[in-house]
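Please look over the sequence and the structure below. A short report follows.

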Amino acid sequence: MNVFAFDALNVFLLACLVVTAIAIARLRGLFAVAMLSGIYSLLSASVFVLLDAVDVAFTEAAVGAGMTTVLFLATFGLTRSRENAASHERRLPALLVSVACGAVLLFALSDLPPFGAADTPVQTHPIAERYVETTHDEVGIPNMVTTLLASYRGFDTLGEVMVVFTAGIAVLMLLGRCSRERAEDDH
């Protein structure tokens, strides 16, 4: 893929992300918000694939588009289908908190090295050269990120999967308990 097409695709996906985020913020129907959240996650996963971060894209698709959407839909049995409009007194503090968080993130961004810089600590550490030179021969997997996550950091990755799985089970148990309590209250 040539550079122009790559950049154009990235700009298109970014524009789709912005439009989807604005639509999510403007809608009051919770079902539509849940569906758009899933679309947002799939668009994010597409951006990660273009950036050659396939492992992050897979996680975003599985957790963001898959599990989160299912949990949103399961929650609809316990809530109303439309969000009540917030009063103007409650909107200003939310806006101020959002602007403050954005300002902190922009300030933190100034401390990051330039994108693609070859002299960053992660690029100049001696272990990076060893991974580049030996991972394919040691493990035989062509994608270096997959090799690192599946082989060298397998127990760490397994731990992360267990945390996500445990959180999902806990949320499902809470939803089941709430629906049982609601059914008992109705009788």
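## Basis

This is a predicted model, in which local features need pLDDT of at least 70, side-chain atom pairs count only at pLDDT 80 or more, and totals for chains, interfaces and linings use all residues. Residues are numbered from 1 along each chain as its sequence is written, and side-chain values use heavy atoms, with hydrogens and water left out.

## Phe 58

Phe 58 belongs to helix 3 (residues 54-75); helices here are DSSP runs (H or I, at least four residues), numbered from the N terminus. From Phe 58 to Leu 42 there are 16 residues in sequence and 9.7 Å in space, C-alpha to C-alpha.

## Nonpolar core

Leu 13, Leu 17, Leu 43, Val 47 and Leu 50 form the largest nonpolar core, a set of buried Ala, Val, Leu, Ile, Met, Phe, Trp, Tyr and Cys residues joined through side-chain atoms within 4.5 Å. Helix 1 (3-26) and helix 2 (30-50) each supply at least two residues of this core, and helix 2 gives the largest share, 3 residues.

Not counting residues up to four places away in sequence, Leu 43 touches Leu 13, Cys 16, Leu 17 and Thr 20 (contact means heavy atoms within 4.5 Å).

Methods. Buried < 20%, exposed > 50% of the residue type's maximum accessible area, 1.4 Å probe, protein only.
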